[in-house]
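Please keep both in view while reading the points below.

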Amino acid sequence: MTWTTTYDALHSGIKKEPQRPLIGITGNYEDGRCTLNEGYYKAVRAAGAIPVILPPERTDMESLAQWLAPLDGLLLSGGADINPLLIGEEPIAALHGVNPERDLCELLLCRMASDRQLPILGICKGVQVLTAALGGTLFQDIWTQREGTCVKHSQDAPRSEATHTVQIAPDSLLFQIYGQERIAVNSFHHQAVAAAGPLLRVCGTAPDGVIEAVEAADHRPIVGVQWHPECLADGSLFRWLADEARLYRRCRRIHAQTLTLDTHCDTPMFFDKDIDFASRDPRIKMDLHKMAEGGLDACIMVAYLKQEGRSADELLAATQKADRLLTEIEQMVAKTPDFVGIARTPDDLLHLKHEGKRAVMLGIENGYALGLDLRNVERFKRRGVVYITLCHNGDNDVCDSAKGNHEHGGVSDFGAQVIQEMNRTGLMVDLSHAGEKSFYDAIDISRLPIVCSHSSSRALCDHPRNLSDDQMRALARSGGVAQVTLYPGFLRTESAEASVLDAVAHLDHMVEVMGIDHVGIGSDFDGDGGVPGCNDASEMLNFTRHLLRHRYSADDLRKIWGENFLRVMREVQAAGIGL
C-alpha cells in the first residue's frame, strides 16, 4: 500500500469531522534535540485531543503568546531541575542538572496560559513549573531541605509500576477526577513543591507529607501532579484535560461570536496612580491586555463621584470633577487608537469589534455630578455618556440612596425632572445604589426601561444595596435589566468567602425571577469588585466556562454578555432626540 492509497481513503466521500481540542505539550531538550516521551502524546490522543509539541525556546520570548493562541490546553511535561536563579534562589549542593533551553520559556508559557484561562496539567517537573509560575515555592532537594524522613520518591522500579500512595483531599478537583481519596503512583523526583502559594492549593500528599499534587484555588481548570500518569494505565487526568480543553474551545468560540460587555467598572479611580491602560498593569483589573485575555470586548467606564456636601460651590466642583474624569478616560483611550476606541452606541461597539478593537463607553456614577442644573443632563449626553447612576452611598438632590437617610422619601421633585430629561435626551437611568422607594419611583416616572448596572440578589445576600425579588419582577415588567456584580459584599454575607460560584448562583436566581432577557454582568472592577475565579477582566472567560457548566446555551450567553443591556440602550437612545 502506498501513501496515496491512504490519502485517497481519507478523502473518500464527505463527512463532518469532530472538532478535537488542541493540547500543547512542552518538549524536552537534550543533545541538541527536542525530545518527548511517547507516553505524553499517546495519552493526550487517547483522551480524544490532538497533541501539539511545543519546542524549547530561549531566544524568541515575544512569540510565546502566538504559540498559545490556537491551543485549547497546555500540558507541562517532566524533565530536569529548574534553574533556581529564575525563581530568586541560589543553588544548593544537591541541585541536579538544569535545562536552560526550557525553563524561562515554560515559566512564561505557564503564566501566560493561566492569564488566558487555558486548562493546564503539569506533570513532575511540570508541577514545579506551574507552582513557580503562579507564586509558590519549591524544594530544590527534599532529602536535604525538608525535615523528617521521606519515603522513596525516586523509584528504581519500571515507570509503569506504582511504588507509593498519595492521599487526595476529599473536597478537591483531583478527588472529582479520580473518585477516591487514596491512589497508588509512580515516583521519579528529588525536587517538590514547598508551598503552593496564593493561587494554588495542595490537593494531594505522600505518606511522608511531601506535596504530590496542587490545583487552582479559584475554581479554574489547573492541576499539577508530581508523578507520571502517562506511564500508568489510568488516563483520568488526560481525559479531564481534554474535556476542559473542549469546554475552553467552546468558550472562546462564543466570545468570538458575541459582543461581550461589562456594564460597570471604576478604573478612573486609579487615574491618580499613573496607571497604564495599554500594559498589563497589576494595580488595575481592567486594562487592554486583560480584556484581550478574557475575551471582553467592551466596558462602561464610569466617572465615580463620592457623595460630598451640597453647597453651590461643592455641587459645581462635583460637576467639574465628572467632566475631568470623562476627559481623562477619553485621553487614555486616545493613546492607543489602533487597539481601542470610545463607543457611544451599540453600533459603535459592533464596529469596533469587527475592527478587532476593544471599546470603552462612558458612564457617570452618582447624579451628584448634575448639581441642580438640569441642563447638565443634555450636556453629558452630548459628550457621550450612556448612563447616569442616580445616586451612590448617600442621599443627593436626585433621590435617596440605599445607604442614605431617606431625605426625600424616594425620588425628589428635581429627580423626577432629571429622569424625564434623561428620557428626552436618550440617556439610560441606572438605579444601582438607589433606595427601594427611589427604585419604584423611578420606574413609575420613567417612560423608558431602566437598568441596574451592577446589582445582585437580596434573596441570596441580604444587603440593602441588592435587589429584592419584587424589585426584579418590577424591573422585568418595565423591560429593564439588572447586571450581577462581582463585589464580594453583595454576593455573600461572609464576603471573604465569596467566589465566582456565588456570582453564578446570583445570576441563576435572577434568571429564575426575571427571565433570561433581563440579566447581564457588571463587574465593578477597580471599585473593589472581583472574586476568586473572576478577579479581573482576564478571567471573564472563566465566568463563561461556569455558565456553560450550568447548562446555559450560546443564545443565553449572548443575552447575558450584552444583548439584553444593549437592547435597552437602543430603545432609550432611539426614543431620545438624537444627540
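Two strands are said to pair if DSSP finds at least two bridges between them. Helices (H or I, at least four residues) and strands (E, at least two) are DSSP runs, numbered from the N terminus. The model is a predicted one, in which local features need pLDDT of at least 70 and side-chain atom pairs count only at pLDDT 80 or more, while totals for chains, interfaces and linings use all residues. Residues are numbered from 1 along each chain as its sequence is written, and side-chain values use heavy atoms, with hydrogens and water left out.

- Strand β20 (residues 451–452) pairs with β21 in the parallel sense over two bridges, and cysteine 452 has alanine 482 in β21 as its bridge partner.
- A right-handed β-α-β unit is made by β20, helix α15 (residues 469–477) and β21; a crossover is right-handed if, with the strands pointing away from the viewer, the path from the first strand over the helix to the second runs clockwise.
- β21 also runs parallel to strand β22 (residues 519–521), to which three bridges join it.
- Valine 484 has isoleucine 521 in β22 as its bridge partner.
- Strand β21 (residues 481–484) is covered on both faces, with Val481 and Gln483 buried on one side and Ala482 and Val484 buried on the other. Here buried means under 20% relative accessible area, exposed means over 50%, and partly exposed lies in between (1.4 Å probe, protein chains only).

- Strand β18 (residues 385–389) is mostly covered, five of its five residues being buried.
- Four bridges pair β18 with strand β17 (residues 358–365) in the parallel sense.

**Salt bridges**

- A salt bridge is counted where a side-chain nitrogen of Lys or Arg lies within 4 Å of a carboxyl oxygen of Asp or Glu, and by this rule the count comes to 42.
- Aspartate 72 and arginine 252 meet through their side chains in a salt bridge (3.3 Å, N to O).
- This pair links distant parts of the chain, 180 residues apart: aspartate 72 is in the loop between α3 (64–68) and β5 (73–76), and arginine 252 is in helix α8 (residues 236–257).
- Aspartate 72 is buried, at a relative accessible area of 0%, whereas arginine 252 is partly exposed, at 27%.
- Arginine 558 and aspartate 555 form a salt bridge with their closest N and O atoms 2.1 Å apart.
- Because they are three residues apart in helix α18 (residues 554–575), arginine 558 and aspartate 555 are separated by about one helical turn.
- Arginine 558 is partly exposed at 22% relative accessible area, and aspartate 555 counts as partly exposed at 46%.
- Lysine 357 and glutamate 355 are joined by a salt bridge between their side chains (3.5 Å, N to O); glutamate 355 is partly exposed, with 41% relative accessibility.
- A network of salt bridges links Arg111, Asp115, Arg116, Arg280 and Glu293.

**Cysteines**

- Zero disulfides are found in a search of the whole structure, a disulfide being a pair of cysteine sulfur atoms within 2.5 Å.
- For cysteine 265, the closest cysteine sulfur is that of cysteine 299, which at 3.9 Å is too far for a bond.
- Cysteine 265 is buried, with a relative accessible area of 0%.
- For cysteine 231, the closest cysteine sulfur is in cysteine 124, at 9.9 Å, and this too is too far for a bond.
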